[in-house]
Amino acid sequence: MTQAHHLDLENIDIRLNGRPLVALDTRIGPGEVLTVMGPSGSGKSSLLAYLAGFLGGDFTASGAVRLDDRAIQALPAEERGIGLLFQDPLLFPHLSVAGNLRFGLPRHRRDKRARVEAALAHIGLAGFGDRDPATLSGGQKARVALMRLLLSEPRAVLLDEPFSKLDTQLRQEMRDWVFQHLREAGLPSLLVTHDYQDAEAAGGHLIELA
Ligand SMILES: Nc1ncnc2c1ncn2[C@@H]1O[C@H](COP(=O)(O)OP(=O)(O)OP(=O)(O)O)[C@@H](O)[C@H]1O
């Protein structure tokens, strides 16, 4: 484990046009995954949007979001230190695979080339650096997306249905792979999913929004 981070969600109260939508008070420790489930419209995406810093205008929210004891709920999204992983890998089509990974690296990092090479080897894609991301398989794209996220050195991660577009076998492999990496990186994570097997593989607490 390189570093240990923790995320505190203190008395979070999200309302939509004044009506209570999400109420939550919990801590996510280093390497832990909190799974959030619930029916369509119960507020899962709104919770992620609040934590990430882009909740829409019809919503109001109160409560503190502390990342490593620092309140971040008033910071702009890019200053929060939170990484996002979505359903689609969202690789930049105009960049090579290596270019996508390089994009994740903080600007001040030196030895970028060596880091990207090491990252490619780590995800089993040594020699794939010059490839167009469109030529990768679904699983390869997903691995590049997670590695790009980890290279950006987030202090917490939000995952929004990250496996839902993968077929059953790949889904199983990817969930184990992703959760293992998040654990090893000591990152507190929040997973939104409709799949109980995702929750089981995540291994942490589960909350269900009503
Ligand atoms: N930009 C928006 N402006 C106004 N209302 C919104 C907006 N986005 C979502 N809503 C409403 O907020 C409520 C919660 O939506 P949200 O997307 O958070 O639910 P969800 O649990 O993520 O649903 P799903 O599982 O379908 O993705 C719903 O009633 C939805 O219609």
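Biologist: Why is Glu 153 called partly exposed?

Modeller: Buried takes 20 or more other C-beta atoms within 10 Å of a residue's own, exposed takes 12 or fewer, and partly exposed is what lies in between, with C-beta atoms placed from the backbone. Glu 153 has 16 C-beta neighbours inside 10 Å, so it counts as partly exposed. Bear in mind that this is a predicted model: local features need pLDDT of at least 70, side-chain atom pairs count only at pLDDT 80 or more, and totals for chains, interfaces and linings use all residues. Numbering starts from 1 along each chain as its sequence is written.

Biologist: Where does Glu 153 lie?

Modeller: In the loop between helix 4 and strand 7; helices (H or I, at least four residues) and strands (E, at least two) are DSSP runs, numbered from the N terminus. Glu 153 is not a glycine, yet its phi is positive, about 55°.

Biologist: Which residues is Lys 165 in contact with, leaving aside neighbours within four places in sequence?

Modeller: Gln 87 and Asp 88, where contact needs C-beta atoms, placed from the backbone, within 7 Å. Lys 165 and Asp 88 are 77 residues apart in sequence, with 7.5 Å between their C-alpha atoms. As for the protein, 72% of its contacts with a separation of 6 or more are between residues 24 or more positions apart.

Biologist: How do you know that the protein is as compact as a globular protein of its length?

Modeller: The secondary structure comes to 6 helices and 9 strands. The radius of gyration is 17 Å, close to the 17 Å from the globule rule for 210 residues, so the protein is as compact as a globular protein of that length. That radius is taken over C-alpha atoms, and the rule is 2.2 Å times the number of residues to the power 0.38.

Biologist: What makes strand 2 and strand 5 edge strands?

Modeller: The open sheet has 4 strands in the order 2-1-4-5, with antiparallel pairing. Strand 2 (19-28) and strand 5 (70-71) each pair on one side only, hence the edges. Two strands pair if DSSP finds at least two bridges between them; strand 1 (residues 7-16) and strand 2 have 8. Leu 7, for one, has Ile 28 in strand 2 as its bridge partner.

Biologist: Which residues are around the ligand?

Modeller: Among them are Leu 16, Gly 43, Lys 44, Ser 45 and Asp 58; being near takes a C-beta atom, placed from the backbone, within 6 Å. Helix 1 (residues 44-52) gives the largest share of that shell, 3 residues. Lys 44 is also among the buried residues of helix 1, as are Leu 48 and Leu 51. After helix 1 comes Gly 53, with a positive phi near 100°.

Conventions: Contact = placed C-beta atoms within 7 Å.
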